[in-house]
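Dear colleague,

I am passing on a structure for you to look through, and below it I have written out what was found. Please keep the sequence and the 3D view open while you read.

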Amino acid sequence: MRLEAVAEETSVKMTISNDGDPISEPNREKIFDAFFTTRRDTGGTGMGLSIVQAVMTSHGGSIRLLPTNEGVTFELQFPAA
């Protein structure tokens, strides 16, 4: 896992990435949808990323999945205090 943070003029941008299996193209469009999961058989509810997105948005921030060829990378943007 890799974590990077950069302070910008009006926000802090954080990227979180790993070198695990990438998210398939069809699933990339659905990962922030409530109840979408590929792991229901192991107890996944599909609520995690939709909750994260709702919390980030309610605080004036954002989360997005960045395009990658390997692993998975998310970018979170927080408003500067």
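**The nonpolar core**

The largest nonpolar core is made up of eight residues, namely I31, F32, M56, I63, L65, V72, F74 and L76; such a core is a set of buried Ala, Val, Leu, Ile, Met, Phe, Trp, Tyr and Cys residues joined through side-chain atoms within 4.5 Å. Strands β3 (62-66) and β4 each supply at least two residues of this core, and the largest share, three residues, comes from β4. Helices (H or I, at least four residues) and strands (E, at least two) are DSSP runs, numbered from the N terminus.

Please bear in mind that this is a predicted model, in which local features need pLDDT of at least 70 and side-chain atom pairs count only at pLDDT 80 or more, while totals for chains, interfaces and linings use all residues. Residues are numbered from 1 along each chain as its sequence is written, and side-chain values use heavy atoms, with hydrogens and water left out.

**The aromatic pair**

The structure holds one aromatic pair, formed by F32 and F74, which is edge-to-face with 6.3 Å centre to centre and 80° between the planes. Rings of Phe, Tyr and Trp (its six-membered ring) pair if their centres lie within 6.5 Å, and planes under 30 degrees apart count as stacked, over 60 as edge-to-face and the rest as tilted. This pair links distant parts of the chain, since F32 lies in the loop between α1 (25-28) and α2 (48-58) and F74 in strand β4 (residues 72-79), 42 residues apart. F32 is buried at a relative accessible area of 17%, and F74 is buried at 15%, where buried means under 20% relative accessible area, exposed over 50% and partly exposed in between (1.4 Å probe, protein chains only).

**The salt bridges**

There are three salt bridges in the structure, each being a side-chain nitrogen of Lys or Arg within 4 Å of a carboxyl oxygen of Asp or Glu. One of them joins the side chains of R64 and E75 at 2.9 Å, N to O, and links R64 in strand β3 with E75 in strand β4, 11 residues apart. R64 is partly exposed, with a relative accessible area of 44%, whereas E75 counts as buried at 10%. Another brings E4 and R2 together at 2.4 Å, N to O; here E4 is partly exposed at 34% and R2 is exposed at 51%.

With best wishes
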